[in-house]
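Open the structure in your viewer and keep the selection tool ready. This tour goes stop by stop.

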Amino acid sequence: MSEKIPYKIYLNENEIPATWYNMRADMKKKPAPLLNPATHQPLTAEELTPVFCEELVAQELDDSTAYVPIPQEIQDFYKMYRPSPLVRAYCLEKELDTPAKIYYKFEGNNTSGSHKLNSAIAQAYYAKKQGLKGVTTETGAGQWGTALSMACSYFGLDCQVYMVKVSYEQKPFRREVMRTYGASVTPSPSPTTEVGRKILEKFPGTTGSLGCAISEAVEAATSKEGYRYVLGSVLNQVLLHQSVIGLETKAALDKYGVKPDMIIGCAGGGSNLGGLIAPFMGQKLRGEADYQIIAVEPASCPSFTRGKYVYDFCDTGMICPLAKMYTLGNGFIPSANHAGGLRFHGMSTILSELYDQGLMEAVSVEQTSVFEAAERFARIEGILPAPESSHAIKVAMDEALKCKETGEEKTIVFGLTGTGYFDMVAYEQFHNGTMTDYIPTDEDLQKGFESIPRFPGNME
Ligand SMILES: *Cc1c(COP(=O)(O)O)cnc(C)c1O
């Protein structure tokens, strides 16, 4: 019948999408708007532009434009590391002895090692276009800060990264990659901001948190002329930029007439998953096709599977807008888990609304089982996966094994978001048998829920 599908389906350079796709345009019920925390009214563009770049604010608020042209400069940058390969996991299928057909879209083929570069370059471009001097951001484990520092150096922008202090000290390699690309990296909390000084005074010796680093980065951006704040996940604009992953995936599958049954991705703030599923969800929303879509999250930070769908702050400093999302509460502190990119308490408002409408599913998995899957995958497919990505690997393997039992020849596509070279301490703990699985109790979760703001219509 059809020709044999190659191990790697590469698109040509000129097949990189020229537009991003905005799922919101096809959603009948739109995601809830961001609210001003003081007035509880939807935020206007005027209120957002002191913090974010103008063009990015427009993208954030645009629920109706389906296809957004990718500026030529961004397309040119994409050509340095895209199209990314869609791999047919023949070796894994054989190892699992499954009739399922497994594909993964690999986003780790760039120096930052993850999909985050797809949005970093877009955000840096719009900042440059606006004539700004630079941008500020926070980073936890460091993937986002690394991607942003690469993007800023390309456009000659200053890049100031507030890095959670514990990571700054424990992950010197990522820190030095950022500095190689010209970024300045400050351990957070720091004495360089008002909010940082307050936190240091109140909690001397604290090793910091992502929420605190966000608060510092926002203050740094808004208190300096010519700077804006940028964020690597959660926001609508980030999902828009990441749609390049899904558009390429669909184009590659279409070349060989392959239609997936199931699409699986890990979910931290939801950007890679939102990007991977975008064109498929578009078809689903328009009633043209159906797919089973599964978000995978850590059992230690189960926003979808155990969170509440309410308005909450995106940061612990409570200075960011309120977003309606599946959340564990801005005060929720996840137990130590090595998938740093999946430790956010909330979730993209777009994915939250799609999940609430029953258009996608979610499962949570425990960390040691994720590393078992990661190691098995590394040994058979060659790629050393990031702990975050390995959540998707784990569930894709589970689904393929179910097919073995039922004899179903399902086509499974999953997102392999990045490489794990900077996560070897986690792999070490796994190998030494010292890795733990802590699942929060209902009481633990209750404490987080108590930090969710209460106002008419929310959490009453
Ligand atoms: C940041 C990160 C994630 C999670 O972020 P999303 O916004 O949910 O995609 C997943 N994988 C890797 C490798 C990451 O760096």
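How many bridges join strand 6 to strand 9, and do the two run parallel or antiparallel? Select residues 227-229 to show strand 9; 3 bridges join strand 6 to strand 9, and the two run parallel. Before you go on, note that this is a predicted model.

**Stop 1: strand 6**

Select residues 134-139. This is strand 6, and 6 of its 6 residues are buried, so the strand is largely enclosed by the rest of the structure. Now show the side chains. In a regular strand, side chains alternate between the two faces of the sheet. Check the directions here: G134, T136 and E138 point one way. V135, T137 and T139 point the other way. Both sets are buried.

**Stop 2**

Next, select residues 158-164, which form strand 7. Strand 7 runs parallel to strand 6, and 6 bridges join them. Pick T139 and find its bridge partner in strand 7: M163.

**Stop 3: the ligand**

Move to the ligand. How many residues surround the ligand? There are 18, and the closest are K116, S233, G268, S271 and T417. Colour this shell by class: 12 residues are polar, 4 are nonpolar and 2 are charged.

- G268: a polar backbone atom lies 2.7 Å from an oxygen atom of the ligand.
- S271: an N or O atom of the side chain is 2.7 Å from an oxygen atom of the ligand.
- T417: a polar side-chain atom is 2.7 Å from a nitrogen atom of the ligand.

On its own, the ligand has 390 Å² of accessible area, and the protein covers 98% of that.

**Stop 4: Y90**

Select residues 90-96. This is helix 4, and Y90 belongs to it. Is Y90 buried or exposed? Its relative accessibility is 16%. Buried means under 20%, so Y90 counts as buried.

Y90 and E381 are 291 residues apart along the chain.

Key. Residues are numbered from 1 along each chain as its sequence is written. This is a predicted model: local features need pLDDT of at least 70, side-chain atom pairs count only at pLDDT 80 or more; totals for chains, interfaces and linings use all residues. Side-chain values use heavy atoms; hydrogens and water are left out. A residue is near a molecule or strand if one of its heavy atoms lies within 4 Å of it. A polar contact is a pair of N or O atoms within 3.5 Å; within protein, one must be able to donate a hydrogen and the other to accept it, and residues adjacent in sequence count only if both atoms are side-chain atoms. Accessible areas come from the Shrake-Rupley method with a 1.4 Å probe; for residues, only the protein chains shown count as cover. Ala, Val, Leu, Ile, Met, Phe, Trp, Tyr, Cys and Pro count as nonpolar, Asp, Glu, Lys and Arg as charged, and the others, Gly among them, as polar. Buried means under 20% relative accessible area, exposed over 50%, partly exposed in between (1.4 Å probe, protein chains only). Helices (H or I, at least four residues) and strands (E, at least two) are DSSP runs, numbered from the N terminus. Two strands pair if DSSP finds at least two bridges between them.
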